[in-house]
Amino acid sequence: MSNGNYSIGGQVGGGFGASMGGGYGGQMGGGSMGGGNGGGDTPSGDLIFDVTTQTFMADVMEASRQQPVLVDFWAPWCGPCKQLTPIIEAAVKAAGGRVKLAKMNIDDHPEIAGQMGIQSIPAVVAFKDGQPVDGFMGAQPESQIQAFIERVAGPAPVSQTDTFLEQGAELLLAKDYGQAAQLFGAVMQMEPDNVTAIAGLVQCYIGADDLERAKQALELVPEEKHSDEAYVAAKAAVELAEQAASLGDLAELQDRIAKDPLDLQARFDLALGLNGKGNKEGAVD
């Protein structure tokens, strides 16, 4: 399919090296760009916005000196463009402000694409420090677009939430339930419905033999997140702890086994009890 000089498929101006460097920067400063007024009808702070020939200098070239700007060259008649739009917009939003996305309709504004030698769409070009630095052509899967954004803007910073969850998991494994609970609680203050944090807190209460509070914490998980793997694991741990609690004093089971090593029911019940109390090695034995 084609419209004018543009087609779906083929090459993007012969690559993002020669055709997009060199003389393009000089052309941008000429009268064809009109100088720009900083964004047209779209607020400059928006992550995703439309760009025109007149606003390209300010909204892309100059703006890219502050943060990378991706330019999506598209047209209404382009099917793959429509496939790419929701994917790249979602990826830009997920990047949390590390990049912006400028959308240029080449039917209405063909000059920039023509200067850059772009002959196929969709084509996405990344600008950084006032220069085109990378790009791709055609509809791409989400994973490849995320990788593209990381190449342009660097990897996403590790969030405080992720750090607390990782440290909490390590402390939970070391059976430092008090410190682990503090970290999981800190995450819940930032994200009250964080299933991983709630599940971690549940495990802390189970480890501290406070089954009632473990069950109360488990109820904090919203119903729509009950299929989450962390919730399923925490719920299973609570049920196992309840079974262990119903067995009563484990010393009685140990005494039964001492008297009759072939008392398999006592062995099974003791395994349940030990596992419920966090002694997994003893349960396996």
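This is a predicted model: local features need pLDDT of at least 70, side-chain atom pairs count only at pLDDT 80 or more; totals for chains, interfaces and linings use all residues.

## Geometry of the helix pair

Two packed helices are described by the distance between their axes and by the angle between those axes. Helix H7 spans residues 177-190 and helix H8 spans residues 195-207; their axes come within 9 Å and cross at roughly 155°. Angles over 145 degrees count as roughly antiparallel, and H7 and H8 are therefore roughly antiparallel to each other. The crossing of H7 with H8 is left-handed.

## Strand E6 and its neighbours

Strand E6 covers residues 123-128, and five of its six residues are buried, so E6 is largely enclosed by the rest of the structure. Strand E4, made up of residues 69-74, pairs with E6 in the antiparallel sense over five bridges. Within this pairing, Val69 lies opposite Phe127 of E6.

E6 also runs antiparallel to strand E7 (residues 131-137), to which six bridges join it. Phe136 in E7 is the bridge partner of Val124. E6 and E7 form a hairpin with two residues between the strands, and in this hairpin Asp129 takes a positive phi near 55°.

Methods. Residues are numbered from 1 along each chain as its sequence is written. Side-chain values use heavy atoms; hydrogens and water are left out. Buried means under 20% relative accessible area, exposed over 50%, partly exposed in between (1.4 Å probe, protein chains only). Helices (H or I, at least four residues) and strands (E, at least two) are DSSP runs, numbered from the N terminus. Two strands pair if DSSP finds at least two bridges between them. Axes are lines fitted to C-alpha atoms, for helices over the stretch in contact, and angles run from 0 to 180 degrees between N-to-C directions. Angles under 35 degrees count as roughly parallel, over 145 as roughly antiparallel, 65 to 115 as roughly perpendicular and the rest as oblique. A crossing is left-handed if the near helix is turned anticlockwise from the far one by less than a right angle, and right-handed if clockwise.
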